Amino acid sequence: MKKQDFEERYSRQVLFRGIGAEGQLRLAGGRVAIVGCGATGSALASLLGRAGVGTLRIIDRDYVEPSNLQRQSLFEEKDAAESVPKAIAAARKIAAFNADIVVDERVEDLVPGNINPLLEGMDVILDGTDNFETRYLVNDYAVRNSVPWIYSAAVGSYGVTLNVLPGKTACLACIFPDTPRGMVETCETSGILNTAVNVVASVAATEAVKLLVGGAAAERLRKTLWSFDVWMNEHAEIAATNPRPGCRACGQRDFVHLAGEGRPHITMCGRNSVQIHERARPIDFAEMQQRLAAHGTVRHNEFVLKFWREPYEMTLFPDGRAIIKGTTDTGVARSLYARFVGS
Ligand SMILES: [Zn+2]
């Protein structure tokens, strides 16, 4: 982009004293990973993409469905109709409103085995996930590699966020040594207001901007666990200024989640569905479509293959990963996969 166009495009942000012309250039050089691109991830990517963050790496394992559209602001009805992977749909949408930034989309499930290549080289990691397992994994990675990350979560009308600045502030495991009760509620059980999502994403995205701008802006970073309820008009802050002595992650540097010990290869992923990601198994969609046609309805595009066999719906990705809908029984999912894809 020409210097003049750049200045014009971001003029309202440059006028804001906390950022200025120099801060805007730092944003343009900034590299942000967004782990999970559902509701929170969509809002984070939209805000930061429009703000001119130079590189957004968007990591998501899922595809767009009609029930996402109420709150996942980067997606359209067409994406849901075609089951487009969220990372791909997000990249297309961002390119339509800011073609000058780099979007590095990854249709992958972040796990211990791929976390290093997926998160390396990033200045800050943002949380768009919906589960504590992945958050603890990201926390281990961030603490071990001294990369700042921002925890964000929303459910019902409630949202919560925390900046983790390794070596400076408390980490996620300092505050929640174990998965906190109350946050095991999910969007499937408690529903979610899109407004709660956008509040938490706005606060977290602002903190990410402060981090990237650096200098005096970074001194404004919040050092509390901040939570609010947009329906009940409640908010709270818990100090997170200091690491907790003896913390498993940042104190003892015992990165159990990175080691991935005992991590299942078959996981629940909400919505009455099970994910199978046992091993990489490249899938030839055309060949698979032919093979499955005798057993049910099958359809594919360049990103996913969908196979319907009452009462199940299987979505296959090119690397062999599958999401099986219609059951929460991992045994049932595993045998379906073995029977139709291979064991
Ligand atoms: Zn800690």
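Lys and Arg are counted here as positive, Asp and Glu as negative; His and the chain ends are left out. On that basis, the protein chain of this predicted model carries 39 positive and 40 negative side chains. The centres of the two sets lie 2 Å apart.

The overall dimensions were examined next. The C-alpha trace spans about 65 × 50 × 40 Å along its principal axes. The radius of gyration of the protein chain is 21 Å. A compact globule of 343 residues would have a value near 20 Å, so the two agree. The protein chain contains 14 helices and 14 strands.

Of the 343 residues in the protein chain, 54% are buried. Among contacts with a separation of 6 or more, 63% are between residues 24 or more positions apart.

Helix H6 was taken as a local case. This helix covers residues 86-97. Its twelve residues should span 16 Å at 1.5 Å a residue, and the end C-alpha atoms are 17 Å apart, which agrees. The buried residues of H6 are Lys86, Ala87, Ile88, Ala89, Ala90, Ala91, Ile94 and Phe97. These buried residues pack against helices and strands. The helices are H1 (3-9), H4 (39-51) and H5 (77-81). The strands are S2 (55-60) and S3 (102-107).

Definitions and conventions: Residues numbered from 1 in each chain as written. Predicted model: local features only at pLDDT ≥ 70, side-chain atom pairs only at ≥ 80, totals over all residues. Heavy atoms only, no water. Helix = DSSP H or I, 4+ residues; strand = E, 2+ residues; numbered from the N terminus. Rg over C-alpha atoms; globule rule 2.2 N^0.38 Å. Buried < 20%, exposed > 50% of the residue type's maximum accessible area, 1.4 Å probe, protein only. Contact = heavy atoms within 4.5 Å. Charge placed at Lys NZ, Arg CZ, Asp CG, Glu CD. Expected span 1.5 Å × (residues − 1).
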